[in-house]
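Have the viewer open as you read.

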Amino acid sequence: MNHVSRDIFRRTIRGLALAAALAMPSVALAQSADVLRIANPVAVTSLDSFGAQSADQPTISVMQQVLEPLVIRKDGQLQPLLAASWENPDELTWRFHLNEGITFADGSPLTSADVKASLQRLIDGKGPLSGLWGAVEAIETPDDLTVDIKTNTRLGTVLSNLSMLGIAPAAALEDPNFFNAPFGTGPYRVAEFTPSQFVALERNPEYRGEPAPTARLEYRYIPEVSGRITALENNEIDVTWGLPPDQVAQVRDSQSLTVESFPTFGNYYMWYNSSREPFTDVRVRQAMWHAIDMEEIKTFLFDGTAEVAKGPIPQDIFGAAEQTPYAYDPEKARQLLAEAGYPNGFTTTMMWSSMCCTNIREFAETLISYWAAVGIQVTPQELERATWLENLLALNWDSTLAEGNTITGDADFTLARLYLSTANRMGYANPELDELLLAARAEIDQDKRAELYAEAGKIIWDDAVGIFPLDMMMHAVYRNEVTGFVPTPTGMPRFDTVSKQ
Amino acid sequence: MPPATPSERCLTVSDLAVGFAARGGTILALEDISFHVDAGETLSLLGESGSGKSVSAQAIMALLPDTAVVSSGTVRFDGKDLLALPRRETRRLCGTEMGMVFQDPLTALNPVFTVGDQIAELFRVRQGLGRRAAREAAADVIDTVGIPDARRRLGNYPHQFSGGMRQRLVIAMAIALKPRLLIADEPTTALDVTVQAQIMDLLGRLQREHNMAMLLITHDLGVVADVTDRVAVMYSGRIVETGDVRRVYDRPGHPYTRGLLASVPATAGGGKHQPLATIGGLPPNPQRRPQGCTFHPRCPFAQDICRTERPPMVDLGNGHGATCHFAREMVADDRLFA
Amino acid sequence: MADLSATTTLASGRALPLGIVLPAIVVGFYVLAAVIGPILLGFDPVATSLADRLKPPMTALANGSLSLLGTDAVGRDLLAQMLAGARISLAVGAATLVLASLIGVALGVVAGYWGGAVDTVVMRIADIQLGFPSILLAVLVAAVIGPSLTNVILVLAVTRWVVFARVARAQTLTIKSRTFVDASRTLGATDAHIIINCILPALVAPILVVATVQFGLVIVAEASLSFLGLGLPVGIPTWGGTISAGRSYLANAWWISTMPGIALSILVICVGILGDTLRDRLDPNLVTR
């Protein structure tokens, strides 16, 4: 099959899937005091956190309560969880000592073999996270409670990366049906799963810690925001998240509901294709940034529910550093354009995925409106997600608006994954930046690593590789009887501390 | 009238057989049909409905439906076999060489165009006349067929004309391009009795003026007598008798012709009053034609031979012939015509 | 009373009944609004005004103008957007019907006139397509070929030609057997001449009726496609697109979806009544009286 017909074939399948989704009936909602009813804004299509969905928020938000990592990020720090301690016997080896006496939900003990099998499966799964482990040469298990991760170059991100790896029992990973009802060492195990529609978790009887306060978590997919709010107000669900800013204001007025807004690892970004005219000129890139009044967008369009960005990644991320803001200054924008040889502006396009994120179209239209004011005509291209992704990876675009999420909480995940010239994601190539990013990745000393990322961030920001307008906040809404909710900066709320009164 | 020489022959139909595809095989609608029409002459095809008169006309004008199959025979016009010509060639002859008048003038005109447009278009498309000249020619031809105030009525639609006037319009279109052969398929059947004679007069006049050959298809013996030179009587898909109209009427050689003539009320000049006769029985189902002479079940004179042997065309002299085993006896028996 | 009896007389005589006059006036108003509305009240998709966003109907805006129907999520006037949308929606509807009727009539006439294998193939395809929900077919095709003005018209025409083809074929079969067609043949008319002069004129009335009935359906289908994000690209205002964009704001800015929804409903209902009345009066079987 040639490229074109394969493309058409894929689009046809997509069209069929969309048609089928339209015909799907809604599920009746059950209720009980010991059941927490959760409405997730994006469908959970798979529970396999080792493969293609290993970086997908819907999958991870469920599985983080089922599978536990060796180390966990809490309050900005990496802390031991399944691992008791770790050390570097040499620069190319990370040695982890597992806690004794931890068992999986089926009663079998956690051993180093399970860690090895889980990491190996993530690497072999060729999903979005497997690239983090490119330097791994061998995973060794000297004894039941010791794991050695050997790399061919120094790898400073091992701890961050491990915080994204939930450990599953090695034996069960062989079972092709395991991910229909997976279990691990976490407070919950999966009881029921209907892809795209429903997931139910129940307490893990073997859990070593305090049992979760709520016996059963039920996730239902309700795509429309208004549907989720109505369900919440009618006591058909207890909690949801992913609200657009306009809805947050309205929900805040409700007597029976509580809103929690908290910063996340996510942000909006607008990339220029720096390999295309006129974006090869840094003055053009900076001019477009100066043309936008970010404060006004934050206040009116986002109703104060986002933060004006202070760097290419949100400030809570390991390695983030505060940068000098680009002031709203249309005059300066015009002046920079004139210096770059575009006194009368130019015409270009901006694409985005229709499914991307909150307020995406309104945001894009507002940006385009600001650019029009300094003479830059931008044609909007709202694309279906898969088409957008194909174009994005093929560098077949002028500029694009999207959201990013540094899910590992480590600057490496975003900066080194996307901005290395070898990644070639936006046509920007800077040897100095490459050097910094590679050095940071190889640095085992975490403080030094943070400094290197701060320098890299400054280059990306000052060179205006893209515009970094706003850092996203997460808005979770729950009924007043829900207590114990703890915000998570990953944008993926967990419910193992939550109860209903 | 001297016998026509072959050079004046206009249309010659020979051994024509036409069938219709049906479940369980082909049904023969026409068999052994042979006749000719000469310039300036009128031949009437006479017969009851279902006898095959109209199918003959359709075969000549290439109007047979898709289900029809011409299994044998030729239709020679001007030396060319119309059945062998490509359809496009036949169409080229239509209108300019051959014209046709239909039974029901109410449906034979296109309701969405004015008569002037319809007739003028003939002149424009077929003779390459300009818009104005074509309009003039249309007015002339409408005038010719006796429609008063022709020029003004060019702008009228068909439904604004009476039945008789519409038949005049149909005739006008048929003769507009001065064809040498005119086929008139029951041209007066759908009209009032008072109008019938006018239309037949018109057809007769036009034929004389243009020296056309005319093939008149009818079941009306009265019409035949007035305007026809020769007649061919059809029964159940075959010609049973043919000849000069006077001879056939005076001395029919076939019992069927005789029966037909006897069923017509005697005209005032005929003198002798006889009870009106009818032919007993019905024409045969074309799917189950009787053995031998197809008319024998209804024939008062039928003998054994009629039930077994198909009668040949018996030559009765001077172009008169009949397909009856006893044709000569029928003609000779003066007693029968007393 | 006087008015009522006058209406009855109009209807029973062959003057135009209310069933035609009223909806025709409404449709005419839409056409007028689509033609001159955008000239009077221009819509610039790029002119957003964040301070004016989500303002309810009858609100004075920052620049001093009055927004009759309110503003959308980026502060653009809804009325201006709807007028611009009317132009697109009506144009798409008309273009679709022209294309669908051209395809449908061509295939229907060919199938009906020549019959045989062509007829069988065309009508079987038509039957198969009729058995498939047209909006699903549109969604499928639109997803494959992507959004653009031409594509939307193509997609919708593909889902509509069948109705035209069936009517054209049935009418052709009837007309083909009329005596005046045979009469034209005996005067030397070619097939093309017969189709143009005998068949096509008889098709005008029934096709017009079908087109009227289909017009409302096409506009709704276009709105549905735009609602699903498979219609026209962002930046081209359409009713369906505006309704779709407003559905996240139903709770706090009901007017964004509601106003174009009402406009769409009224138009579709009027066109529907018009079509039904025309069908009753111009029954295809009576066209060759």
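What share of the contacts in chain B with a separation of 6 or more comes from residues 24 or more positions apart? The figure is 63%. Keep in mind as we go that we're looking at a predicted model.

Now for the overall build of chain B. Its secondary structure comes to 12 helices and 12 strands. The radius of gyration of chain B is 21 Å, close to the 20 Å that the globule rule gives for 338 residues, so the chain is as compact as a globular protein of that length.

What about inside versus outside? Of the 338 residues in chain B, 49% count as buried, with the cut-off for that set at under 20% relative accessible area. As for the surface, chain B exposes about 15900 Å², and carbon and sulfur atoms supply 51% of that area.

Let's hop over to chain A for a close-up. Find strand E4 of chain A, residues 83–90, and strand E5 of chain A, residues 93–98: these two pair in the antiparallel sense over 5 bridges. Between E4(A) and E5(A) the chain makes a hairpin, with 2 residues doing the joining. Which residue in E5(A) stands opposite Glu87(A)? That's Arg95(A).

Definitions and conventions
Residues numbered from 1 in each chain as written. Chains lettered and ligands numbered in written order. Predicted model: local features only at pLDDT ≥ 70, side-chain atom pairs only at ≥ 80, totals over all residues. Heavy atoms only, no water. Helix = DSSP H or I, 4+ residues; strand = E, 2+ residues; numbered from the N terminus. Rg over C-alpha atoms; globule rule 2.2 N^0.38 Å. Buried < 20%, exposed > 50% of the residue type's maximum accessible area, 1.4 Å probe, protein only. Contact = heavy atoms within 4.5 Å. Areas by Shrake-Rupley, 256 points an atom, 1.4 Å probe, with all protein chains shown as cover. Pairing = 2+ DSSP bridges.
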